[in-house]
There are 2 protein chains.
Amino acid sequence: MMKAYTEMSREELQNELTTLLEEYDKYQKMDLHLDMSRGKPCREQLDLSMGMMDVLSSDMDLSCNDGTDCRNYGVIDGIQEAKELVGDMMENNPDNIIIYGNSSLNVMYDTVSRAMTHGILGNTPWSQLDQVKFLCPAPGYDRHFSITEYFGIEMIPVAMTPDGPDMDVVEEYVSKDPTIKGIWCVPKYSNPQGYSYSKEVVCRFARLKPAAPDFRIFWDNAYGIHHLYDDNQAYIPEILAECKKAGNPDLVYKFASTSKITFPGSGIASLATSPNNMEDILKQLSKQTIGHDKVNQLRHVRFFGDIHGMVEHMKKHADIIRPKFEAVLEIFDKNLEGLGIGEWTKPAGGYFISFESLDNCAQKIVHLAKKAGVKMTDAGATWPYHNDPKDSNIRVAPTYPPIDDLKTAAELFTLCVRIASAEKLLEQN
Amino acid sequence: MMKAYTEMSREELQNELTTLLEEYDKYQKMDLHLDMSRGKPCREQLDLSMGMMDVLSSDMDLSCNDGTDCRNYGVIDGIQEAKELVGDMMENNPDNIIIYGNSSLNVMYDTVSRAMTHGILGNTPWSQLDQVKFLCPAPGYDRHFSITEYFGIEMIPVAMTPDGPDMDVVEEYVSKDPTIKGIWCVPKYSNPQGYSYSKEVVCRFARLKPAAPDFRIFWDNAYGIHHLYDDNQAYIPEILAECKKAGNPDLVYKFASTSKITFPGSGIASLATSPNNMEDILKQLSKQTIGHDKVNQLRHVRFFGDIHGMVEHMKKHADIIRPKFEAVLEIFDKNLEGLGIGEWTKPAGGYFISFESLDNCAQKIVHLAKKAGVKMTDAGATWPYHNDPKDSNIRVAPTYPPIDDLKTAAELFTLCVRIASAEKLLEQN
């Protein structure tokens, strides 16, 4: 057990720093090019879905069960068997689902864009309002925040807890301020913490009484079946069902995709929502396109068969990335435990680990790692406007690098944490 | 040679009508369910691309030439070899091309939507302007008009000639009215006429001097290589090159897709434009998505090899649909020639024939056809706001039905033309 940095004398800290910098020098000479920045599946994970390239061939009928030729135009909301598969994946009735193209981010963007130009269910288009605000549980997903920032929507950070967003704050804003039009949520294995919303939090979401009739929960269930452990899976109440029970059927847009199930960029994305919202959306969607890629929908259906096939497939993903999460966490424990200079999450699913450094150290840590050849997600990226008020959050993405590289990167990362923290504490003395 | 209806006496017309209605009765009893309404490829055309299902398989490397793994995230503007193939198809430099998802209509919608919310190259977003207008060569493509109508953009019809839009009118509007922000064009084998713009028309487009700095030509080259005859192909000057020569490099957005080359809904769409416009667009696109379906891009590249492969493939399409166009035109000639009750185009490519009836007959003709089991595109659909001022244009789509069905449908259609025309002339007497 190492002595906490916070309990070291100035001299002890100075000596520690000297040792750390010598170590850092060695890493710098290794000419590393490692990347823990993005939530990308690794090659072995992608290989799991190669069978998808074989399930459709030229000697097969590419019609779906109702006889529709998937090769031709039409079917704007997706083929029935894809809705059923994705319905099981999302825990929603297929009738509440629209199957889109390859990117759920694109669906979210389009959903905000449509609200800007045409409003939601007959309400004033957001672009015609003086103020439009979103609540942003933070740290959160940078690409969510980029969308709302791009549309000039004011973003208000809300604190995240291991049970989900601080619902007292959410309820206060949503019920009193009609300029609050939405909230970004990653309810299961959240990005970046890997937190899953508690039953209470989900139910409080469903029971919100928004001041704005066009307030919507943007529920990005990106990691709905992305468990790391078969015997330690997060369960959260299904939000559409809860909203319906609470008398708020139109309150939520729920998003998902197979990007981290089959191939990122070549999967199928989907939206689940109430019949009213669906009608509203389909009016617009029929202007935007004649239909999405039904052949790829059929390919996914034939590859998985059903949700059981998909669940078995996800276990193979878990077998590949679980050791990576565990290797990183083990190195964090070994090198940082007890030093009082950081905290980190221990997710049971999803794609990220969230690291909290001492205040005002995150940028420095990321910079040090970069200088030694390890790319991390930019410090601040997990906060609206890239503005992490304490400059303390760093998102760690362990899935992509080969495990040996990952271990090297994690060792270096912890070294950078120690250097930045020691320097910080010395400055303060 | 039949006597022209316009030269018949009232009694002759009355007798003719009686005979026609007896004939119509026979069709009504046939319980037909035929469709000449949409520009859909037929099954035999789709079969031509079934080899595309075999070119990628689980034992292959799905990397592109530069080593990028097409299965993973990234490459927002498309893989290089897809840009090269599509560049050859569009007659554009690959560097001027962005490869999108499956639908060029979606690209056009998003292009208008982006102009509404964010403006073009730093100009005021269209949604903040009092008036935004588009010129709409008419008859034209209904789905173009639906997009501008959806965004509340005022549409001004411009007459179409066999050489393209009336450029005197276009130049007058574009050079004098800064609220004119765009024009919809299908420059080659136009929808619905099958007209191809003359060299002069294309050059006059390129040399426009718009009053609005954010005026753009929406150049939907949907049928760029969709010839019916190998020895009678339309050639039009390449619009990006002409705009650049004219000192107007940023004037045009050019759209295309492989929807009617491989599979509608499972092809790849693209946009070609100037470096300035591309930069403007990519800023937005990077908020909207992480990337489009690269595996499908690779699939298209491996299937065709190069543009020669695509051209050979298009000849097979032509062999299937040319007899359909010719069968319809033969029946039009046989049943309508010399009657003075309609004119129609004789396209050398594309997907449609345009029929012009006597004034105020189109709706009636389409209604009569429908009552006897033949679905046509709605009368009026080819005009902005579905408002055909003369109620005379009908779009005929011969590609989808089997040829025997098509002949039956064409016979019935000409019968409906004759009935509606005879009734019209009798009313007028």
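Contact here means heavy atoms within 4.5 Å. This is a predicted model, where local features need pLDDT of at least 70, side-chain atom pairs count only at pLDDT 80 or more, and totals for chains, interfaces and linings use all residues. Residues are numbered from 1 along each chain as its sequence is written, chains are lettered from A and ligands numbered from 1 in the order in which they are written, and side-chain values use heavy atoms, with hydrogens and water left out.

**Chain A overall**

Chain A has 13 helices and 13 strands. Both are DSSP runs, numbered from the N terminus: helices are H or I with at least four residues, strands are E with at least two. The radius of gyration of chain A is 23 Å, close to the 22 Å of the globule rule for 429 residues, so chain A is as compact as a globular protein of that length. That radius is taken over C-alpha atoms, and the rule is 2.2 Å times the number of residues to the power 0.38. Along the principal axes, the C-alpha atoms of chain A fill a box of roughly 75 × 55 × 35 Å.

Of the 429 residues of chain A, 63% count as buried. Buried means under 20% relative accessible area, exposed over 50%, and partly exposed in between (1.4 Å probe, protein chains only). Take the contacts in chain A between residues at least 6 apart in sequence: 77% of them join residues at least 24 apart. The accessible surface of chain A comes to about 16000 Å², and carbon and sulfur atoms hold 47% of it. Those areas come from the Shrake-Rupley method with a 1.4 Å probe; for residues, only the protein chains shown count as cover.

**The two copies**

Two copies of a chain are related by a rotation about an axis and a shift along it. Here, a rotation of 180 degrees with 0.0 Å of shift along its axis superposes chain A on chain B (RMSD 0.0 Å). The two copies are thus related as by a two-fold rotation axis. The same surface serves both: 100% of the contact residues of chain A recur in chain B. The superposition is by least squares on the C-alpha atoms of residues with pLDDT of at least 70 in both copies.

**Backbone sites**

Most residues other than glycine have a negative phi, and most peptide bonds are trans. The table lists exceptions.

| Site | Feature | Value |
|---|---|---|
| N191(A) to P192(A) | cis peptide bond | omega near 10 degrees |
| N191(B) to P192(B) | cis peptide bond | omega near 10 degrees |
| V75(A) | positive phi | about 65 degrees |
| D391(B) | positive phi | about 45 degrees |

P192(A) is in the loop between β6 (180-185) and α7 (199-206) of chain A. V75(A) lies in the loop between α2 (43-47) and α3 (80-90) of chain A. V75(A) is partly exposed, at 30% relative accessibility.

**D391(B) and S357(B)**

D391(B) sits in the loop between β12 (374-376) and β13 (393-396) of chain B. Its relative accessibility is 13%, so D391(B) counts as buried. S357(B) belongs to strand β11 (residues 353-357) of chain B. S357(B) is also buried, with a relative accessible area of 8%.

How far apart are D391(B) and S357(B) in sequence and in space? They are 34 residues apart in sequence and 8.2 Å apart in space, C-alpha to C-alpha. Beyond its neighbours within four places in sequence, S357(B) is in contact with residues including I341(B), I365(B) and D391(B). On the same terms, the contacts of D391(B) include S357(B), C361(B) and A379(B).
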